[in-house]
Amino acid sequence: MTPGRRSPTRAARARPPPRTRTSSWARLRQNDVIARAPTCCGLCLHRHGNGTLTEVTEPVLSPGRPYGHLTPWSRRTMSTSEPPSWPHCAHGAEPAADPVGCRGIHVPGHTECLAHLADADRNGYLAGLTPGASIDHRGTTFTESLLTALLDALRDPATGTPLLGVARFESATFKSVAGFRSANFQGGASFESATFEGGAEFGLATFKSLAWFESATFEGDAEFGAATFEGGAVFGLATFKSLAWFKSATFKSVAGFRSANFQGGAVFVSATFEVGASFLLATFKSLARFGSANFQGGAGFGAATFKSGAEFESATFKSDAEFESATFKGGAGFVSATFQGGAWFVSATFRSDAVFGLATFQDVAGFKLATFQGDAVFGLATFKNDAWFESATFEGDAVFESATFEGDARFESATFAKADQFGPFVCAGRVVLSGAMFGGPVTLAFAARRLECRRTRWSSTAEIRLRYATVDFAHAVFEYPLTIAAEPDLFVLTDGQQLAEDVLPSAYDPGVRMASLQGVDAAHLVLADLDLWECLFAGTVHLDQLRLEGACTFSTAPSAMHWRRWPPVRFTARRVLAEEHHWRASQPGAAQGWAHGAGRAGPLQLAPVYRALRKAFEDGKHEPGAADFYYGEMEMRRHADDIPGSERGLLTAYWALSGYGLRASRALAWLAAAMLLTIVLLMAFGLAQDTPKQTATGTVPAGGGTVTFEIDKDDPQNPTGNRFTGERFEKALNVTLNSVVFRSSGQDLTTAGTYIEMTSRLTEPVLLGLAVLAVRNRVKR
C-alpha cells in the first residue's frame, strides 16, 4: 500500500450496508441485456505468432458494447506444461519436472528474459531505454528491485513519473508490490494473466490506450485509486484476492469486469464510468462499494453475485442500469441513487434487505420476477415513469411509504407474503394489483388515479384506504373481512407529516369511485364513503350481505321531463344502478339522460341485483334507500321477458297508480282525479232532481180504534235543467268525501248515482291507502 493513501480497515471493508429505508425502479425490457455494435473504442493489442507487437484496431469493447461479449473474452488458455507462443527464456527447465522453465520473453538481442539476464547486459538494456519507450516483458518474473530499475529507466525527468509506450506484461509475475503509481502508459498496456503476489499499486496512473488485465490475479491489494483509463479497461476474469481499490478512478472508455472475482472488498466509490461498465457475471465475496459512482454510459451487473453487501448510495446511472438475474446475498443499498435510464432488476434476488430510499427513477423501473427475501424499502423513492413489479415476491415488508409514481405502478401477480402495510404513496397513473396475493393482514393506502385489483387474492383481513381512485375489484377473492374506504383527508405518515400529493392536480376529485364488483363474493366486504355511480354489480355473489357505511352514493334516474318522444315521460328521482343506465340507453327510442356504458346485463339479471341490495339496505336500517332498490327491482320485473302478460299488466297498473307503493304524490294525484270525477258524475247524473216527498196513508175504523198509516216515498227523479249548481256541488262533495273514508253519505241518489258511489267507495280508499303506504315507506327508519 502506497504511503499517503488512507487504507480502509478490515472492519470498515466488511461492514454491511446501512439498514435505512429506501426505494428504486426502471424500464421492463424483454430483449437481451447485452447491447452489441461493431465499432471499437481504441487501440487493442494484436499478438503475432513471431512474438512482435503491433498496435491495431480490434472490436473488443466499444461504446456500443458496454457490457462486454457474452462469449468468453480469453484469447487463449495456457497450461503450465505448454510453452508460451513467444520465444522464452527456459531458464531452469528440466525435462521431467519443468520442461518449459522460465516463460519470460527474450530481451531484444539476447536469449534470456530480463530477470535472468546477466547484470551487465541488463544494465545495458535498461540504459538504452528512454521515457515513452515500448517494452515487452511477457512471462517475466519481477522482484521489487527489478521492477523499480525498469521503471526508473522509463521515468520522465520533467515529471518524475514513469512514462511507457506500449507495455506488455502478459503472464508476468510480480513477487512484491508492483509499484506503477502515477505511471503514464502512452500506448496499450497488457497485463493479461499476470500475477501480482504482493499487491498492485496503480494509484494515479494514466492509461492513454487500452488497459488489459484480463485473467490477472491480484493476491494482495489492487490499488487503482484516482487512476485514469482513457482507452478501454479490461478486467474480465480477473481475480482480486484482497482489496480492489478503484476509488475516484475515471474510465473514459469502456470498463469491462465481466466474470471478475472480487474476494476482498471492492471499492468503486466516486468512480466515473464515462462510456459503459460491465460487471456481468462478476462475483463480490465481500462488501462492494459503489457509493457516489457516476455511470454515464450503460452499467451492466447482469447475473452478478454480491455475497456480502452492495452499496450504491448516491450513485448516478445516466443510461440503463442492468441488474438482471443479479443476486444480493447481503444488504443492497441504493439510497439516493439516481437512475436516468432504465433500471433493470428483472429476476434479481435480494436475500437480505433491499434499500432504495430516496432513489430517483427517471425512466422505467423493471423489477419483474424479482425476489425480496428481506425487507424491500422504497420509501420516498420517485418513479417518473412506469414501475414494473410484475410477479415480484416480497417475503418481508414492502415499504413504499411516501413514494411517488408519476406513471403506472404495476404489481400484477406479485406476492406479498408478510407485508402488513403497503403505502401510503402517490401514483399519478394506475396502481395495478391484478392477480397479486397478500398472505397476511394488511393495510393498503394509495392516492392514485386508478386501482386495479382484478383476481387479487387476500388470505387474511385487509383494509384499503384510497383517495382520487377509480377501483376495479372484479373477481377479487377474499375469505376474511375486507374494507374499501375513501380517505377524506391527506394521509398521515409515521413521522406525523402529511403525504404530499403534488403529482395529482388539485382539480381532481379526491373521492373514490368503484368501477366493478363483478364476480366478487361480497359476504365479507365493507364499502365506506364510495361513489358507486358507475359500479357494475351484476355477477356479484352474496350481494345481500354487502355492508355500506358512510355516504355511499349511487347513480340517479334522469329527472327532467322528456318531451321529444311520445308519450312524454318523466322519471322520478331514485337510486339507479349503472347497469340499468346502460340497458335503458341501449333501447330504441331511449330518453335522454340515460348513460351508455360497458354493462350488458338486462332486466332479468338486474332484478335479483336490486333485490339483494334492497336487503342489504334493510339490514343496515336504511329503509328509504331500500325503497329505491325495491322500486328498481319492480321495474326490472315489469320489463323482464320471462313474466306472463297478466303479471306485467298488474305490475304496470301498480307502477302507474302509486309507483309500486312508493310514490305518494302519484297516488294522491290519482285520488284527487277520482274524487273530481266522482263529483262531476254525481252532479250530472247521481243526485236527484228534488228531494223525494213522503206520503202517509191510512184507514179510520168506523167504530173507532187504532189507525194504521203507510208511509211511502217517491222514487228519486233524474235531474233536469241546470245540474251544476252550488247546492248540488255541496251534496256531491259530501258523498265523495264519505266514500273516501268508506262511509255512506245518506244522500238521495239516482240509480246511476248509487253505482257511482259504490265505485267511489271501492277505488278511492285504495288510492288513499297507497298514498299512506308510500309516505310510510319514505319516513320509516
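Mentor: Let's begin with Glu 311 and Arg 289, whose side chains meet in a salt bridge with 3.7 Å from N to O. This pair links distant parts of the chain: Glu 311 belongs to strand β32 (residues 310-311), Arg 289 to strand β28 (residues 288-289), and they are 22 residues apart. Keep in mind as we go that this is a predicted model. Is Glu 311 buried or exposed? Its relative accessible area is 9%, so Glu 311 is buried. Arg 289 has 18% relative accessibility and therefore counts as buried as well, since buried means under 20%.

Here is the general idea behind such pairs. Side chains of opposite charge can pair when their charged atoms come close.

Now move along to Asp 628, which forms a salt bridge with Arg 575; their closest N and O atoms are 2.8 Å apart. Asp 628 lies in helix α6 (residues 623-639) and Arg 575 in strand β66 (residues 575-576), so this pair ties together parts that are 53 residues apart in sequence. Asp 628 is buried, because its relative accessibility is 5%. Arg 575, at 24%, counts as partly exposed.

Helix α6 also holds Arg 637. The side chain of Arg 637 meets that of Glu 647 in a salt bridge, at 2.9 Å from N to O. Glu 647 is in helix α7 (residues 645-658), so the pair ties together parts that are 10 residues apart in sequence. What about cover for these two? Arg 637 is partly exposed, with a relative accessible area of 28%, and Glu 647 is partly exposed too, with 27%.

Salt bridges can also share partners: Asp 408, Arg 430, Arg 450, Glu 452, Arg 454 and Asp 472 are joined in this way into one network. One of these, Arg 430, brings us to Arg 410, because Arg 430 is among the residues in contact with Arg 410 once neighbours within four places in sequence are left aside. Arg 410 is found in strand β50 (residues 409-410) and is buried, with a relative accessible area of 15%. Its side chain makes a polar contact with the side chain of Glu 412, at 2.3 Å.

Notes. Residues numbered from 1 in each chain as written. Predicted model: local features only at pLDDT ≥ 70, side-chain atom pairs only at ≥ 80, totals over all residues. Heavy atoms only, no water. Helix = DSSP H or I, 4+ residues; strand = E, 2+ residues; numbered from the N terminus. Buried < 20%, exposed > 50% of the residue type's maximum accessible area, 1.4 Å probe, protein only. Polar contact = N/O pair within 3.5 Å; in protein donor to acceptor, adjacent residues only side chain to side chain. Contact = heavy atoms within 4.5 Å. Salt bridge = Lys/Arg side-chain N within 4 Å of Asp/Glu carboxyl O.
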